[in-house]
Amino acid sequence: MEYGTEISCTHHGCNLSVPLGEWEDHQLAHLLGDGPEDEDVWQSLPSSSAGDDLTTCTKGLVPCLERYYPTHWPRGVTSVSLSGDTWHMGHAHWDIGWGCGYRNMQMLLSSLLQMEPYKTLLTEKGLLEMPSIPWLQQMIEEAWAQGFDAKGRDQLQGKVCKTRKWIGTTEVASVLRNLNLRALVVDFVHPTGAGGTHPKLFQWVRDYFRGRVQRSNHTLKQTPSNPHPSTGLVPGHVSSDSDSAAAAVSSPDLSPPPGTETAATETPPPDLCLPPGIGTAAAETPPPDLCLPPGTETAATETPPPDLSLPPGIGTTAAGDKHLAPEDIDYPPLYFQHEGHSCTIVGLEERGCEASLLVLDPLHSRGKVGGVIRNPGVHLGLLLRGAGQVKMKEYEVVLVDGVLSDEEKEEMKIITPFQRII
């Protein structure tokens, strides 16, 4: 058989046509994902109404970046946008290979539980702590029982509790909508740049963190954030562009220059974290020099800290120019799905016309994420995903866009993308 030949999977409930080159990984996924369940494992976990024990949780990463960027501008960085505070939730030994969707839902909830009006709403719904994976599984089945995502429910045979079935964007959106959160799915259907890159995805993320993402008759509703107590920096956008003092910065062209190609990075083995029908995995590894984004070869030079006598929100650029950070708003992070894996986007770093996503990945251990907090100048590259590392065929994003009334909630039980970027 040729490499591209497809084989029909005969596993119960699957029936996918799988490329020959992915056959072994697909079969391994069934063994890890939805094979016979180990009752001893589930009995040792928190109940479906208990909070997570947070043994894989790392707090303080986004506040660390809020302090780091305006005081130590890496060479070439012109702009940074950040989400509200988000905890990193890594895999435990028992959910490796299938739990990334749950871990990223936890990351999104960690931010919403610290942000109004979401904190008040979730508290009223009884969500007083970080839900465990068994609790999230119960929430998915509760959303299905309320009529959300009937198609997805049927695909997963109506059951995820005490299973290792993969979940994706529709399950996440169903849980959030059932909590009266306006969860919207954006589908980036195919590459829009040279060499299989996704410049429109980067542009969309930039617009999101600048408050420019809209849909018909509805603009993103956000709440002003409190300044960070130690620096006065507010989450959102920080700019070091010496050519503009305006609060609204013009949007750069993030596509590769004409005639240039972005080198593809080698894709590691699958992470096996998507529901049947989506595809195989591609978890990216950070570049060898962790202080630099992909494609950068020269070590970053840190500049002196800013003049601390300046008013809160003012940073110092590499050229010594000072600019107000125009955003004083917290935006929730983005649930970020591609074939076989999901992550959480907490920001965007720009270097002129190039950009890198700031991504929290459940595959990263507490030790690695803690290294970023202890020394971001050295380890920040762990979080960066440049154009050359975002080259899967299709991506989906879940964003939280305000609160639903009960009437709106009833109208949003079918989960379809509200935007398809082509």
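Of the 422 residues in the chain, 54% are buried, a word used here for a relative accessible area under 20%, with exposed meaning over 50% and partly exposed in between (1.4 Å probe, protein chains only). The model is a predicted one, in which local features need pLDDT of at least 70 and side-chain atom pairs count only at pLDDT 80 or more, whereas totals for chains, interfaces and linings use all residues. Residues are numbered from 1 along each chain as its sequence is written, and side-chain values use heavy atoms, with hydrogens and water left out.

The accessible surface of the chain comes to about 18000 Å², as given by the Shrake-Rupley method with a 1.4 Å probe, where for residues only the protein chains shown count as cover. Carbon and sulfur atoms hold 52% of this surface. The secondary structure consists of 12 helices and 17 strands; these are DSSP runs numbered from the N terminus, with helices being H or I of at least four residues and strands E of at least two. Among contacts (heavy atoms within 4.5 Å) with a separation of 6 or more, 75% join residues 24 or more positions apart.

Helix α6 (residues 133-145) packs against helix α8 (residues 169-178) at an angle of about 75°, their axes being 9 Å apart. That makes the two helices roughly perpendicular, the term for angles of 65 to 115 degrees, while under 35 is roughly parallel, over 145 roughly antiparallel and the rest oblique. Here the axes are lines fitted to C-alpha atoms over the stretch in contact, and angles run from 0 to 180 degrees between N-to-C directions. On the α6 side, Met139, Ile140, Glu142, Ala143 and Trp144 meet Glu171, Ser174, Val175 and Asn178 of α8.

The loop between α11 (376-379) and β15 (384-386) holds Gly381, which is buried with a relative accessible area of 0%. Gly381 lies 25 residues from Ser356 in sequence, and the two are 9.8 Å apart in space, C-alpha to C-alpha.

Finally, the cysteines. With a disulfide taken as a pair of cysteine sulfur atoms within 2.5 Å, the count comes to zero. Cys343 is in no disulfide, and the nearest cysteine sulfur, that of Cys100, is 7.7 Å away. Cys343 is buried, with a relative accessible area of 2%. Cys161 is buried too, at 14%.
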